[in-house]
Amino acid sequence: MNATDYANKLREKFGELISAPAEFRGEITLNVADAERIVEVCAFAKKELGFDFLADVSSIDNYGEDPRWTIVYELYGIGNGTYLRLKTSVSEEKSKLPTVTSVWRTADWHEREIYDMMGVRFRGHPDLRRIIMWEGYPYFPLRKDFPLGGKPTDLPDIAFTKTAPIEGGPFVTAPGGKDAIEREPRVRMAEDKSGK
Amino acid sequence: MTQTTEFGYDRNIEGDVIHTRVDAALNWFRKNSIWPMPMGLACCAIELMATGASRFDISRFGMEVMRFSPRQSDCMVVAGTVTYKMALAVKRIYDQMAEPKYVIAMGACASTGGMYRSYSVLQGVDQIIPVDVYVAGCPPRPEALLDALMKLQNQISREPTVSNLKKLTPLPAKV
């Protein structure tokens, strides 16, 4: 069986919840329509289809769109040697979805990283603390509206940050412009929508 | 800065008697036994290890006794990117070192933040601890670090050690 067959098995089981498998460069991606049901889908994929290894969980900030967050689960079966990718969307107002630590324990730290960097919370997570920044840091630095140079913070005797000097940066490129000046607006001014 | 002379001694000329100044003698002791403490935080630490290894041989200059305890070392070599999360630990370890103590900021990151103009990186370790010598490079070659250590030796040999001692304020009375 290849990844498409597994994807179809998931669709047989969950019907409308799972989108048609999208293939890109030999990799199969499935959309899970309701983030609240991600745990059942993952549990089925692990127990019945043999995807016993959660390679990664990552998050995407679709800034300016709704729903804002996309959570991506990279599944791998050590027995069947197949990769499968699950995606699910979470709106900004909600910013919360169930944890999959009950399915794969390795999801613990991945979900903590997503919480730390993006501010998306995982309901039922056993230990949802920051993992890279320190406890008490007020922002979620991987959000698109967070300036690359950072914002000043101060937690007396624990930690502090200052804004990094970025001469004319951060340098961003926007596709589709007709000349280099349009394609490279150079400075992206941060909007102050601090992710508190 | 007070001019102090290099401590020099030739047994054949001077016999068993040495004339020198206390400053010069103390500085000579200090500069020829710098015990560095590696504060290896990133790729610069690899060059620091190379410096300590046989090919570059820092024992030629009397500073090969790497100590991993701040209590036993004289010179902290900050080798690598200092993140804000690490900054407080670096500061605490510096505070634990006994006087006299020196700091070498090794590489672009430790000196200025380097290429990391980022929310997570301290823009130069001199924002939290006093730095004696900065080493350019990304990462610097072992020769550059040896040069920095020799510059530090020169700096130590010019220190007005005794007059510094006189300047010390008396300890506050115990309550």
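Trainee: Ground rules before we start?
Mentor: The model is predicted, so local features need pLDDT of at least 70, side-chain atom pairs count only at pLDDT 80 or more, and totals for chains, interfaces and linings use all residues. Residues are numbered from 1 along each chain as its sequence is written, chains are lettered from A and ligands numbered from 1 in the order in which they are written, and side-chain values use heavy atoms, with hydrogens and water left out.

Trainee: Chain A, then. What span should helix H1 of chain A have, and what does it have?
Mentor: H1(A) covers residues 3-14, twelve residues, so at 1.5 Å a residue it should span 16 Å. Its end C-alpha atoms are 16 Å apart, which agrees. The expected span is 1.5 Å times one less than the number of residues. Helices (H or I, at least four residues) and strands (E, at least two) are DSSP runs, numbered from the N terminus.

Trainee: Which residues of H1(A) are buried?
Mentor: A:Ala3, A:Tyr6, A:Ala7, A:Leu10 and A:Phe14. They cover an arc of only 100° around the axis, which puts them on the same side of H1(A). The arc is taken from the directions from the helix axis to the C-beta atoms. Buried means under 20% relative accessible area, exposed over 50%, partly exposed in between, with a 1.4 Å probe and protein chains only.

Trainee: Why would that spacing share a side?
Mentor: An α-helix has 3.6 residues a turn, so residues three or four places apart point the same way.

Trainee: What covers the buried residues of H1(A)?
Mentor: The cover includes strand E2 (27-32), helix H2 (38-47) and strand E5 (82-90) of chain A. H1(A) lies across E2 and E5 of chain A, at about 45° to E5(A). Axes are lines fitted to C-alpha atoms, for helices over the stretch in contact (heavy atoms within 4.5 Å). Angles run from 0 to 180 degrees between N-to-C directions.

Trainee: And the ends of H1(A)?
Mentor: At the start, a side-chain oxygen of A:Asn2 comes within 3.1 Å of the backbone nitrogen of A:Thr4. Just after the helix, A:Gly15 takes a positive phi of about 60°.

Trainee: In what order do the strands of the chain A sheet run?
Mentor: E1-E2-E5-E4-E3, five strands in an open sheet with mixed pairing. E1 (22-24) and E3 (53-61) stand at the edges, each with a single partner strand, so one side of each is left without a neighbour in the sheet. Two strands pair if DSSP finds at least two bridges between them. E2(A) and E5(A) pair in the parallel sense over four bridges. A:Thr29 stands opposite A:Arg85 in E5(A).

Trainee: Switching to a loop. A:Phe51, buried or exposed?
Mentor: Buried, at 0% relative accessibility. A:Phe51 sits in the loop between H2 and E3 of chain A. Beyond its neighbours within four places in sequence, its contacts include A:Tyr6, A:Leu75, A:Leu84 and A:Trp104. A:Thr82 is another of its contacts. The C-alpha atoms of A:Phe51 and A:Thr82 are separated by 8.0 Å, and the two are 31 residues apart along the chain.

Trainee: Now chain B. How many helices and strands?
Mentor: Seven helices and four strands. Along the sequence the pattern is α-α-β-α-β-α-β-α-β-α-α. Of its 175 residues, 42% count as buried.

Trainee: How is the chain B sheet paired?
Mentor: In parallel, as an open sheet in the order E1-E2-E3-E4. E1 (36-40) and E4 (133-135) of chain B are the edge strands, each pairing on one side only. E2 (75-79) and E3 (102-106) of chain B pair over five bridges. B:Ala79 stands opposite B:Met106 in E3(B). Helix H3 (44-52) of chain B packs on the sheet, touching E1, E2 and E3, and makes about 135° with E2(B). Helix H6 (142-157) of chain B also packs on the sheet, touching E2, E3 and E4, and makes about 155° with E3(B).

Trainee: How many residues of E3(B) are buried?
Mentor: Five of the five, so E3(B) is largely enclosed by the rest of the structure. B:Tyr102, B:Ile104 and B:Met106 point one way, and B:Val103 and B:Ala105 the other.

Trainee: Last one. Where is B:Ile18?
Mentor: In the loop between H1 (11-14) and H2 (22-31) of chain B. At 39% relative accessibility, B:Ile18 counts as partly exposed. B:Ile18 and B:Glu47 are 29 residues apart in sequence and 40 Å apart in space, C-alpha to C-alpha.

Note on methods
A polar contact is a pair of N or O atoms within 3.5 Å; within protein, one must be able to donate a hydrogen and the other to accept it, and residues adjacent in sequence count only if both atoms are side-chain atoms.
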